[in-house]
Amino acid sequence: MSDPKNNQDDHLRPHVYDGIQEYDNRLPNWWLWTFYGAVILSVIYWFSFYDAQIMESDTTRIDEAMAKVEEARLAAIGEISNDTLWQMSRNPGFVAAGEAIFKEKCVACHGPDLKAGPGLAGVNLVDDEWKWGNQPISVYSVVTNGSPDKMSGMQSWVNELGPQKVSQVVAFVLSHHTEQEMADATTLNPPINLKTPPVAK
Amino acid sequence: MKAKSKLPNLDTVTTINEDGSRFNIHPADVRGRFTRWRRIAALLLIGVYILLPWIPVNGYPAVFLDVLHRRFHLFGITLAAQDLWLLFFFLSGMAFLLFYITAFLGRVWCGWACPQTVFLEHVFRRIERFIEGDAPARRKLDAAPMTPPKLFKRVLKHGIFLILATIIAHIFLSYFISIPQLWEWIRTSPVEHWKAFFFIIITTLLLYGNFAWFREQLCIVICPYGRFQSALIDDDTLNVAYDYGRGNPPGSVKNPEAGDCIDCRRCVQVCPTGIDIRQGLQLECIGCANCMDACDEIMDKVKRPRGLIRYASERNLEGFKTRLLRPRSILYTGLLFLGIGVAGFAFSTVDKAVAMATRMPGAPFYVTDTHIRNQYQIRLINKDSRDLSFSVSIQANGLTVPVESSGFAGAEILSPMEEKNNTFVVQVPREAYEGPFALKILVEAEPGDIELEREVEFLGPDPELLRRQSQANP
């Protein structure tokens with residue numbers, strides 16, 4: 001090692017700012033290796049992400065995730081029919097889950113006793129008159145896609161609740177009815193199903 | 001070019017060699033009053049770090065940052081994700097406090113309370129000292145070829161370091177998950193909670209790397225606080241300082257021309273960052289007071305007064321009294337009290353309940369034959385440790401149109417930490433509607449007399465259009 005007092009003089013950088021000068025000391029090796037590592041990684045990353053497309057892009061990942069969501073939705077709908085909805089409505093766990101959802105989301109319009117009534121915007125769900133069809137699948141369609149009457153009716157709930165919770169809350173409503181009684185009830189409009197396009201009023 | 005020993009200078013960092021490689025520091029043993037008090041403070045602090053997640057306050061641990069459920073328990077106050085804005089006042093308050101302390105006492109935090117110093121000086125370096133011996137012995141061991149005894153010492157040391165790093169990582173994790181949950185995870189297979197396991201592995205390796213190898217590099221190169229120093233301190237700040245007036249020129253005890261410093265280099269040998277404090281205040285100095293104890297011991301031996309290296313300000317060294325009242329101290333004190341005041345006010349607004357009102361996704365309004373309808377979602381959170389009963393209503397005072405609301409017929413009871421997002425429907429008769437207006441939603445929670453008011457906009461179609469349509473189809 002050279003004389004500690006003078007060994008740096010030749011490393012002094014020429015520029016001067018406000019009388020402050022700077023030594024050209026070497027950076028610590030661990031720092032340099034971290035830096036070089038980051039540079040190399042960024043090149044690999046850039047290449048594999050943008051050119052080689054070895055890594056998945058965000059777009060593909062989102063598309064894949066959305067496809068999975070859609071798949072789950074279709075799978076859930078696939079099982080939905082008048083029969084399966086009736087089965088669900090006789091399952092105590094399902095109905096209890098539906099009741100909890102109903103108390104949070106639905107009472108505001110349909111009332112705690114499901115009868116709606118004065119001051120409440122919803123329709124009565126326990127009388128013998130149905131607005132969009134006297135079938136479980138019609139009720140399910142209205143909850144999922146919203147009322148065909150987009151101007152004043154109920155909105156779609158599927159984004160908020162997801163298909164499973166929709167079937168639970170429908171099961172809760174159906175638990176107040178029987179198959180025979182619902183078939184005998186009147187409907188104000190032709191029964192709709194999940195594929196019925198919305199109508200403007 | 002690897003030097004075995006080095007003379008510190010002001011132009012380079014001792015721990016970084018000219019070729020960029022690391023120069024390992026082996027601080028010599030030091031004894032004295034500051035070392036003793038620092039050790040006591042460190043043990044107390046370690047006790048506090050370990051115990052905070054165990055001490056219950058208001059039914060929850062004193063510090064429990066429950067990231068999973070987004071509930072943050074701090075000494076009896078519970079915060080939800082919705083209270084995040086408080087973080088700004090908390091952090092700025094902490095920054096002001098640090099500025100304040102630094103302006104008066106310099107890097108007292110670094111030397112006495114920083115977890116890096118606490119664990120490094122009082123845990124890891126103690127173990128190293130126990131296994132590998134004192135500073136000359138450690139230097140000799142570093143230089144020696146790898147033999148079975150050296151290998152044994154190294155494996156033993158790093159093994160214990162790894163175990164300690166694991167323990168510290170678990171203490172760290174216990175701030176974020178409950179103690180029973182942590183215990184459950186410790187006893188079950190890592191596969192069942194691989195994310196937490198991965199977190200522990202990474203944290204352990206970082207802690208181990210830091211305390212076994214990186215050490216003072218963190219303080220010198222990475223920690224931003226050290227870099228702020230020159231902006232935070234002034235001539236009246238207390239630092240670990242060498243009294244150059246009294247000590248210089250250094251020389252032998254017998255030399256009558258020399259100052260009080262006998263040039264024994266004890267202060268250099270004990271320094272954990274490898275500086276010579278006699279060259280003045282430096283960026284690397286973490287204010288650990290090792291050199292103060294070392295010098296006092298020597299001064300006692302040569303029968304000279306203690307305090308050649310002591311807590312002193314630059315002005316003090318020039319022979320004047322340290323000024324406590326100065327523009328910087330007045331400004332920082334003002335800022336500190338402002339910060340405490342604002343943070344105190346902000347935290348006093350935190351209720352045991354959270355209420356938020358937002359418009360429901362979908363159509364902004366609905367028009368029926370009789371009414372205009374708006375739908376909102378009211379998010380309620382109970383942050384109390386007992387059940388809270390919520391009621392939600394419309395503040396009718398000041399409204400010119402009749403409104404009806406539904407969704408909260410009775411009280412909504414939420415258990416502790418429960419969160420609900422309920423539908424709230426507001427209707428205005430069609431003929432009474434005169435255009436959009438502001439609506440105040442009143443949320444009350446009992447017990448505790450909590451009242452929260454949230455304002456939303458009631459929207460609808462152009463009233464003129466509505467009237468014409470009504471006339472067209474009566």
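**Reading the interfaces of a predicted two-chain model**

Tutor: Chain A and chain B bury about 2,700 Å² between them, and 53% of it lies on carbon and sulfur atoms. Buried area is the accessible area (1.4 Å probe) that two parts lose on being put together, summed over both. This is a predicted model, where local features need pLDDT of at least 70, side-chain atom pairs count only at pLDDT 80 or more, and totals for chains, interfaces and linings use all residues. Residues are numbered from 1 along each chain as its sequence is written, chains are lettered from A and ligands numbered from 1 in the order in which they are written, and side-chain values use heavy atoms, with hydrogens and water left out.

Student: How many residues does the contact take from chain A and from chain B?

Tutor: Contact means heavy atoms within 4.5 Å. Chain A puts in 31 residues and chain B 35 residues.

Student: How many salt bridges and polar contacts are counted between chain A and chain B?

Tutor: A salt bridge is a side-chain nitrogen of Lys or Arg within 4 Å of a carboxyl oxygen of Asp or Glu. Between chain A and chain B the count is zero. A polar contact is a pair of N or O atoms within 3.5 Å; within protein, one must be able to donate a hydrogen and the other to accept it, and residues adjacent in sequence count only if both atoms are side-chain atoms. Here 14 residue pairs qualify, both residues at pLDDT 80 or more.

Student: Which elements of chain A supply at least two residues of the side that touches chain B?

Tutor: Helices (H or I, at least four residues) and strands (E, at least two) are DSSP runs, numbered from the N terminus. The elements are α1 (29-51) and α4 (92-110) of chain A. α4(A) gives the most, with six residues. By class, this side of chain A has 15 nonpolar, nine polar and seven charged residues. Ala, Val, Leu, Ile, Met, Phe, Trp, Tyr, Cys and Pro count as nonpolar, Asp, Glu, Lys and Arg as charged, and the others, Gly among them, as polar.

Student: Is T423(B) buried or exposed?

Tutor: Buried means under 20% relative accessible area, exposed over 50%, partly exposed in between (1.4 Å probe, protein chains only). T423(B) is buried, at 2%. The residue sits in strand β14 (residues 419-429) of chain B. Its contacts, leaving out residues up to four places away in sequence, include E104(A), K105(A), A108(A) and W157(A), along with M360(B) and Y376(B). A polar atom of the T423(B) side chain lies 2.7 Å from the backbone oxygen of K105(A).

Student: How is chain B divided?

Tutor: Domain bounds come from an automatic or database domain assignment. Chain B has domain 1 (1-350) and domain 2 (353-472). Their centres, taken over C-alpha atoms, are 54 Å apart. Each domain gives 10 residues to the contact. The area buried between the two domains is about 720 Å², with 55% from carbon and sulfur atoms. Y60(B), R71(B) and Q82(B) supply 66% of the area that domain 1 buries against domain 2, more than any other three residues.

Student: How many salt bridges cross the interface of domain 1 and domain 2 of chain B?

Tutor: The rule finds two. E419(B) and R71(B) meet through their side chains in a salt bridge (3.0 Å, N to O).
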